[in-house]
Amino acid sequence: MDVTRWKSLAIKKPTHEAVLILSGKYMGPGTYVEKLVDEDIERIAKKEGISSDDWKKKHLKTKEIPIKKRKRS
C-alpha cells in the first residue's frame with residue numbers, strides 16, 4: 001500500500017454514521033465514498049460526451065491514473 005496516495009477527509013459524525021449504514025457490511029466507508037465519486041465522474045463524463053478515463057485525464061492533477069476494475073455489491 002502506497003500511503004502517499006491516501007488523503008484524509010473530515011465529515012460530521014451524523015454523516016459518518018450515514019455512510020457506515022449506506023456502505024453496508026460488505027463495503028467500508030472509504031470504498032463507498034470512492035464508489036460515489038466514480039459514479040459522479042461517470043455521470044459528468046457522459047454529460048460531456050467523453051469517457052470517464054478521458055475526463056479524469058483532463059481534470060485530475062495526477063500524472064498516472066490507476067484504473068481498477070472491482071466488483072461492487
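**Entry 1: Asp 40 and Arg 43**

I looked up the contact between Asp 40 and Arg 43 and found a salt bridge, with the closest N and O atoms 2.7 Å apart. I take a salt bridge to be a side-chain nitrogen of Lys or Arg within 4 Å of a carboxyl oxygen of Asp or Glu. The model is predicted: local features need pLDDT of at least 70, side-chain atom pairs count only at pLDDT 80 or more, and totals for chains, interfaces and linings use all residues. Residues are numbered from 1 along each chain as its sequence is written, and side-chain values use heavy atoms, with hydrogens and water left out.

Asp 40 and Arg 43 are separated by about one helical turn, because they stand 3 residues apart in helix H2. Helices (H or I, at least four residues) and strands (E, at least two) are DSSP runs, numbered from the N terminus. I noted Asp 40 as partly exposed at 35% relative accessibility, and Arg 43 as partly exposed at 47%. The classes are buried (under 20% relative accessible area), exposed (over 50%) and partly exposed (in between), with a 1.4 Å probe and protein chains only.

**Entry 2: the other salt bridges**

How many salt bridges does a search of the whole structure find? The search returns 3.

In helix H2 I also examined Lys 35 and Glu 39, which lie 4 residues apart, about one turn of the helix. Their salt bridge has its closest N and O atoms 2.9 Å apart. Lys 35 is buried, with a relative accessible area of 14%, whereas Glu 39 is partly exposed at 37%.

Lys 13 is exposed at 58% relative accessible area, and Glu 17 is partly exposed at 39%.

**Entry 3: nonpolar surface patch**

I recorded a nonpolar surface patch formed by Leu 9, Ile 11, Val 33 and Val 37, with about 350 Å² of accessible area together. Accessible areas come from the Shrake-Rupley method with a 1.4 Å probe; for residues, only the protein chains shown count as cover. Patch members have over 30% relative accessible area and no salt bridge; nonpolar side chains (Val, Leu, Ile, Met, Phe, Trp, Tyr) are joined within 5 Å, like charges within 9 Å. Val 33 lies in helix H2, residues 29–48, and is partly exposed at 32%.

**Entry 4: His 16**

I placed His 16 in helix H1, residues 13–23. His 16 is partly exposed, at 34% relative accessible area. From C-alpha to C-alpha, His 16 and Pro 29 are 8.1 Å apart in space and 13 residues apart in sequence.
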